Amino acid sequence: MADQRDFDLALSTKWFAKEPPAFPLPSMKALGPCTSTYGWTWEQDFSDTTKILICAVLWADTKAMTKVRVTWKRSDPLGTVKAEQKHYRAPPPPSEENLDKAHKLYGENIAAWAEDTMGTTVGDGECWTLIHRALMDIADTYRQYGKEPPLVSQGRTHGYPILNITAPSVGSNAGLLQLADVRRGDILELKSAHFHIITEEAPKKVPGQWGKWQKGAGEKNIRLSHHTAIVVGVEGDAVKVVEQNGSVPGGVGVERYDLGDTGMKRGEVDVFRVVGETMGGGGLTVEWDDE
């Protein structure tokens with residue numbers, strides 16, 4: 001159990017009696033991006049019904065978790081309400097060995113799932129939906145076969161962060177992808193990013209000069225405020241990604257982002273390794289431990 005102090009549950013607002021309950025509370029959201037879940041049960045006797053609500057909240061950045069159990073009588077919620085809280089420490093950072101195991105377990109399946117969606121629109125067509133749907137589908141399959149499912153995205157956190165790159169930077173960003181061991185199936189999160197991309201084109205005949213050809217080239221600038229993509233290849237300082245609502249508006253396509261000194265001009269990039277629910281804090285459940 002963690003040393004986290006109990007939250008003010010503001011029971012006088014009767015948030016727990018709403019459907020759905022108004023959870024997580026503002027004091028919990030103030031600690032950072034988080035996800036939550038809840039579950040109801042009730043007990044019937046001759047005179048009244050006792051309702052039991054269990055809520056859980058998991059913070060994306062720390063993977064710490066808090067559970068809240070609230071009980072009350074339906075006839076008098078405020079007069080009978082009781083609540084208790086339990087706080088769970090964040091798991092320790094995974095070792096390089098465990099990160100390698102996580103990639104072998106999930107990475108290739110994530111990349112292959114993304115490549116299979118090429119030319120389609122997944123969900124609402126937003127970039128984040130692509131990785132969220134991928135992890136949800138893969139998690140369901142793993143559960144069916146009795147294997148530990150991957151931890152689904154918590155906001156814009158997609159497992160364990162293995163690399164952060166900013167541009168412009170004091171030093172060189174060359175070689176960082178190799179140092180961090182970025183692989184297929186890792187997740188790219190871009191923020192306020194600007195890329196200058198030089199593209200090669202097929203050679204063209206030089207007008208008026210018989211037998212002479214000129215190597216074609218083009219260039220483009222890409223600016224992204226917030227963007228999520230799935231790594232499907234690493235080429236030097238560049239990553240090949242499958243993305244949605246990027247190179248193909250509202251659909252799934254392929255792009256190449258140079259994260260080295262020549263390609264990325266401004267912004268921030270985080271790379272995440274998808275991990276299992278146990279490594280990521282156990283996942284959100286509404287089970288209550290009575291110890």
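What share of the contacts in the protein with a separation of 6 or more comes from residues 24 or more positions apart? A few notes on that and on some local spots follow.

1. The share is 63%, where contact means heavy atoms within 4.5 Å. Bear in mind that this is a predicted model, in which local features need pLDDT of at least 70 and side-chain atom pairs count only at pLDDT 80 or more, while totals for chains, interfaces and linings use all residues. Residues are numbered from 1 along each chain as its sequence is written, and side-chain values use heavy atoms, with hydrogens and water left out.

2. On the overall make-up: the protein has five helices and 10 strands. These are DSSP runs numbered from the N terminus (helices are H or I, at least four residues; strands are E, at least two). Of its 291 residues, 43% count as buried. Buried here is under 20% relative accessible area, exposed is over 50%, and partly exposed falls in between (1.4 Å probe, protein chains only).

3. Strand 1 (residues 34–44) and strand 2 (residues 49–59) run antiparallel and are joined by 11 bridges; for two strands to pair, DSSP has to find at least two bridges between them. The link from strand 1 to strand 2 is a hairpin of four residues.

4. Next, H87, which belongs to strand 4 (residues 82–88). H87 has a relative accessible area of 6%, so it counts as buried. Its side chain has two polar contacts worth a look: one with the side chain of D6 at 2.7 Å, and another with the side chain of T66 at 2.8 Å. A polar contact is a pair of N or O atoms within 3.5 Å; within protein, one must be able to donate a hydrogen and the other to accept it, and residues adjacent in sequence count only if both atoms are side-chain atoms.

5. G107 is in helix 3 (residues 96–116). Its relative accessibility is 4%, which is why it counts as buried. Leaving out residues up to four places away in sequence, G107 touches A102, R184 and G185. The C-alpha atoms of G107 and D186 are 6.5 Å apart, although 79 residues separate the two along the chain.

6. Now the largest pocket, with about 290 Å³ of space. Of the 16 residues lining it, R156, T157, E189, D270 and F272 are the closest to its centre. Strand 6 (187–205) and strand 10 (264–273) are the elements that give two or more residues to the lining, and strand 10 has the largest share, with four. By type, the lining splits into six nonpolar, three polar and seven charged residues. For the record, a pocket is an open set of points on a 1 Å grid over the protein atoms alone, where a 1.4 Å probe fits, with protein on both sides within 12 Å along at least five of seven lines; lining residues have an atom within 4 Å of a point.

7. Finally, D270, found in strand 10. With a relative accessible area of 22%, D270 is partly exposed. Setting aside neighbours within four places in sequence, D270 is in contact with L163, N164, I187, L188 and E189. The side chains of D270 and N164 make a polar contact of 2.7 Å. D270 and H158 are 112 residues apart along the chain, and their C-alpha atoms are separated by 9.9 Å.

Technical notes: Points joined across faces, edges and corners; volume = space filled by probe spheres on them. Nonpolar A, V, L, I, M, F, W, Y, C, P; charged D, E, K, R; others polar.
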